[in-house]
Amino acid sequence: MMILRSAPPSPFGRKVKIAAHLLNLYHEIEIIPANTMDPQDALRHQNPLGKIPALIMESGDVLYDSRVIIEYLDGRAGGGVILPKGAQRFPVLTAQALADGIMDAAILQIYETRWREEPHRHEGWLAHQNEKVQRGLRYFENHLPELTPHPQADAIALACALGYLDLRFNGMWREHHPNLVKWLESFAKAVPAFAETAV
Ligand SMILES: N[C@@H](CCC(=O)N[C@@H](CS)C(=O)NCC(=O)O)C(=O)O
C-alpha cells in the first residue's frame, strides 16, 4: 500500500485523490490525515516543507508535491492516461500549473486571515493574490480544459480550484463565469470522485 498524507479540505490533496480514482489506483492508497499546523506531525519529516499532499511509496520514499505525485501515479497506471504523452503534454501541464496557481493564491488569502490579526492584515497583498485568481478564472472561462475522451490533469486541477473557491469564498466566482459553472457540472458528472472527495 502507498500512504497519502493529506487533509479533507486540501485542494491539492483532492487533486491526487481524484487522479488516483481515475487511474484505478485509489484502492492501493491508505490515507493518513495530516495536520500541517502540528509540529509533532511526522509530515515535517516526510516533507521538509510541511505541506500536503505527500505520497509515501511502498519503498518508504516520499513524493511531493501534487504534480510530482500525479506524474508518478499516471506512470504507474501505464502512462499517458491523465498526462498525455504527445504534443498535448506541455499544454496540459501548463494549464495544471495555472489551476494550481489559482489554488496557491486563494490559499495565501486564507492564510493571511488565519495568521494575521485584523490590524496586521495587508489589503494590498490580499488584492494582489485575488487578482491572480481572477485572471486565472478569466483565462479558463475562455479556455475550458477538454473533458473527452476523459478528463486529464488540467481538468482535475481546475475542478479542485473551483471546489476550493466554493468552500472558502462562497462560490463568488460563479456570478461572472457562466462557462466555468457549466463546465464544472459536466466535470462532476464525468467524475464521481469529485463529489466523493468534497468536504
Ligand atoms: N505546490 C504544492 C502546494 C501544496 C499546498 O500548498 N498545500 C497546503 C494545503 S492545501 C499546505 O500544506 N499548507 C501548509 C503550509 O503551507 O504550511 C502541491 O502542489 O502539492
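User: Where does the ligand sit?

Analyst: This is a predicted model, in which local features need pLDDT of at least 70 and side-chain atom pairs count only at pLDDT 80 or more, while totals for chains, interfaces and linings use all residues. Residues are numbered from 1 along each chain as its sequence is written, and side-chain values use heavy atoms, with hydrogens and water left out. A pocket is an open set of points on a 1 Å grid over the protein atoms alone, where a 1.4 Å probe fits, with protein on both sides within 12 Å along at least five of seven lines; a molecule sits in a pocket if more than half of its atoms lie within 2 Å of its grid points. By that test, the ligand sits in the largest pocket.

User: What percentage of the ligand's area does the protein bury?

Analyst: Polar contacts (pairs of N or O atoms within 3.5 Å) come first: a ligand nitrogen is 2.8 Å from a polar backbone atom of I52, and a ligand nitrogen is 2.8 Å from an N or O atom in the side chain of Y111. D65 has a polar side-chain atom 2.9 Å from a nitrogen atom of the ligand. Areas come from the Shrake-Rupley method with a 1.4 Å probe. Taken alone the ligand exposes 510 Å², and the share of this that the protein buries is 83%.

User: Which helix supplies the largest share of the lining of the largest pocket?

Analyst: Helices are DSSP runs (H or I, at least four residues), numbered from the N terminus, and strands are runs of E with at least two. The pocket, with about 790 Å³ of space, is lined by 29 residues, each with an atom within 4 Å of a point. The largest share, seven residues, comes from helix 4.

User: How much space lies in the second largest pocket?

Analyst: This pocket has 17 lining residues, and Q88, V92, P145, E146 and D154 lie nearest its centre. Its volume is the space filled by probe spheres set on the grid points, which are joined across faces, edges and corners. That gives about 290 Å³.

User: Which residue does a cis peptide bond join to Y64?

Analyst: Another has omega of about 0°. Its second residue is in the loop between strand 4 (62-63) and helix 3. The residue joined to Y64 is D65.

User: What is the phi of N24?

Analyst: N24 is in the loop between helix 1 and strand 2 (29-33). N24 is not a glycine, yet its phi is positive, at about 60°.

Note on methods
Polar contact = N/O pair within 3.5 Å; in protein donor to acceptor, adjacent residues only side chain to side chain.
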